[in-house]
Amino acid sequence: MESQDNKIIKGGEFLIKDTTYQEVFIPEEFDEEQQMIAQSCRDFLHAEVFPNLEKIDSHDYPDLMPELLTKAGELGLLGVSNPEEYGGFGKNFNTSMLVADVIGAGHSFAVALSAHTGIGTLPILYYGNEEQKAKYIPKLSSGEWKAAYCLTEPNSGSDANSGSTKARLSADGKKYIINGQKMWITNGGFADIFIVFAKIDDDQNLTAFIVEKDFGGITMNPEEHKMGIKGSSTRQIFFNDCEVPVENMLSDRQNGFKIAVNILNIGRIKLSAAAIGASKATIDHAINYANERQQFGRSISKYGAIRYKLAEMAAKVYAVDSANYRAGQNIDDTYEALVASGMDSAKARLKSVEQFAVECAILKVWGSEALDYTVDEGVQIYGGMGFSADAPMDRAYRDARINRIFEGTNEINRLLTVDMVLKRAMKGELDLMGPATAVANELMGIPEFGDADDTLFAAEKKVLANLKKATLLVAGAAVQKLMMSLSKEQEILMNIADMASYVYVAESAMLRTEKLVAMRGEEACKGQIDLMKIYFVEAVDGVAKAGKEALWSFGEGDELKMMLVGLRRFTKMEPFNVKQSRQNVAIQLIEANKYCF
Ligand SMILES: Cc1cc2nc3c(=O)[nH]c(=O)nc-3n(C[C@H](O)[C@H](O)[C@H](O)COP(=O)(O)OP(=O)(O)OC[C@H]3O[C@@H](n4cnc5c(N)ncnc54)[C@H](O)[C@@H]3O)c2cc1C
């Protein structure tokens, strides 16, 4: 039964509020129709993408990628969550997360699809007026037109609002004339529609425009030579007196930066889903290889060192996967609640994602870093063959790396995580200081040990409650000590971001496991319980390390000593045989010969 409470969960609230397993959605709950959509995506990858990876990456067949997108569009894969009146299937946000997850295994194709369906299409869907949506969304849903998103410029990357592309109104007032240079534009080589951000006259803020290639005044450099995602088209694009009808301005003048930021929120959580999908595929390859490769007379999957890697990869993937779909459902629930309260659908979509912007930033970082860990250990499991361009790890390794850079670098997303939480606290939307003060007071008192509780997950719940306290302790002390200068102390902000992220992802893994046990019984979920516990080891150590570094950076004297004692108290975990848990997980993976959780 769905709790009504989950309609009012707020972004960032996980730090101060406990969630029950009944409130979260887990991927095992996808219904038959959603699973069929996922299967169509898998079938598409196997039939159209995997046999063509070399061709796609070579760029010798420039029409191949747009043709693949057209085919995906014909199958309905480009408009899964677009409203039916605009040629989509009208499915919820989490269904689009599922598509991103499965297609995430598709290397450059995944990037092209996600740029088209995400940053290319959503600005129109979420901010466009009726005429704009009616004109463009059906063609983007069907794949007849392909889209690109032009925000970055040579001198304006992370500082996205500082772009110098200009728009000025024509003398007859009918057109905006755009001049400027955009860089790193995904799908640039074949897009029919460009979402272009430019400043009108001397405006402070960007304005967004829908620019059709046929408007003219658009030229581009050849394809960039890249480390990875070589098959994804990436171009520098020049706008030379490009004339855009005034009716193609998107939303209001100077609202472009807001559009850019909000659309990136969606891009971030979807990137995490895609990264986890790519990780699952990497684990599949690694297990296959480990099972086949014989050294010292046995397959290397029999060795503990290899099993350790397989289990660690799977634990990270399981945990972030849990968090992805938890946040996706929060977005869906908030959307439903807002629409029920009378809000217009497009506005409700935006508001619901904006509400979970903290979680989107966390997931972008955690998904991309889980993928990088996975591909790195994947190469290692392949040994010398991991270094061969003829084996799959080469492409997986190179393609993974971009995920920590685009959709806001991981540094920017870590900084944003804390910045957004603190801003919400300051606006009174999130009561951080109350709980933080309670933790500080608790430290002065005698520790309460409470009654022993050996029910399933009681220990993990205690650990999580303590990890939240540790995060509040450090964040609260940093705010008090550093006040306004905290925003400049990036190392400390990054520490706090890591603490909060471990809390969110570990809690998500626990809630998923608890729900699964409630659905299937403990015996059937032993692997998931082991995965969760393995992830808890990383989370507890991660929170302890980040917390210590932060406290060392600004604490002093007796107060520092007391806070460090508190941090140690809040980052404890009962010992268990983690080696055995990793063995158990690895054996399940090895027997299934694929990622099976
Ligand atoms: C393959 C590829 C595809 C892309 N696709 C698109 C696309 O389709 N559309 C689009 O608009 N853009 C796209 N981008 C651009 C991408 O979003 C930017 O590269 C990214 O936002 C980083 O900007 P930058 O490259 O200018 O790096 P910079 O902003 O110059 O950053 C360099 C380093 O400094 C750090 N840094 C910067 N500012 C700060 C700060 N305030 N505090 C701490 N650290 C900081 C960064 O984290 C990074 O480590 C793409 C990029 C690539 C490589």
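In this predicted model, an N or O atom in the side chain of Thr409 is 2.7 Å from an oxygen atom of the ligand. Thr409 belongs to a group of 18 residues that surround the ligand, and the closest of these also include Thr152, Ser158, Trp184 and Glu411. Thr152 places a polar side-chain atom 2.7 Å from a nitrogen atom of the ligand.

| Helix pair | Angle | Axis separation |
|---|---|---|
| α8 (residues 256-292) and α12 (residues 392-400) | about 155 degrees | 11 Å |
| α17 (residues 526-554) and α19 (residues 578-592) | about 135 degrees | 9 Å |

The angle between α17 and α19 makes this pair oblique. The crossing of α17 past α19 is left-handed. On the α17 side, the contact involves Gly527, Asp530, Leu531, Ile534 and Val537, which meet Val578, Ser581, Arg582, Asn584, Val585 and Gln588 of α19. Sorted by class, this contact comprises 5 nonpolar, 4 polar and 2 charged residues.

For the other pair, α8 and α12 pack at about 155 degrees; an angle over 145 degrees counts as roughly antiparallel, and the two helices are therefore roughly antiparallel to each other. Here too the crossing, of α8 past α12, is left-handed. Thr282, His285 and Ala286 of α8 make the contact with Pro392, Met393 and Ala396 of α12. The residues in this contact are 4 nonpolar and 2 polar, with no charged residues.

How values were computed:
Residues are numbered from 1 along each chain as its sequence is written. This is a predicted model: local features need pLDDT of at least 70, side-chain atom pairs count only at pLDDT 80 or more; totals for chains, interfaces and linings use all residues. Side-chain values use heavy atoms; hydrogens and water are left out. Axes are lines fitted to C-alpha atoms, for helices over the stretch in contact, and angles run from 0 to 180 degrees between N-to-C directions. Helices (H or I, at least four residues) and strands (E, at least two) are DSSP runs, numbered from the N terminus. Angles under 35 degrees count as roughly parallel, over 145 as roughly antiparallel, 65 to 115 as roughly perpendicular and the rest as oblique. A crossing is left-handed if the near helix is turned anticlockwise from the far one by less than a right angle, and right-handed if clockwise. Contact means heavy atoms within 4.5 Å. Ala, Val, Leu, Ile, Met, Phe, Trp, Tyr, Cys and Pro count as nonpolar, Asp, Glu, Lys and Arg as charged, and the others, Gly among them, as polar. A residue is near a molecule or strand if one of its heavy atoms lies within 4 Å of it. A polar contact is a pair of N or O atoms within 3.5 Å; within protein, one must be able to donate a hydrogen and the other to accept it, and residues adjacent in sequence count only if both atoms are side-chain atoms.
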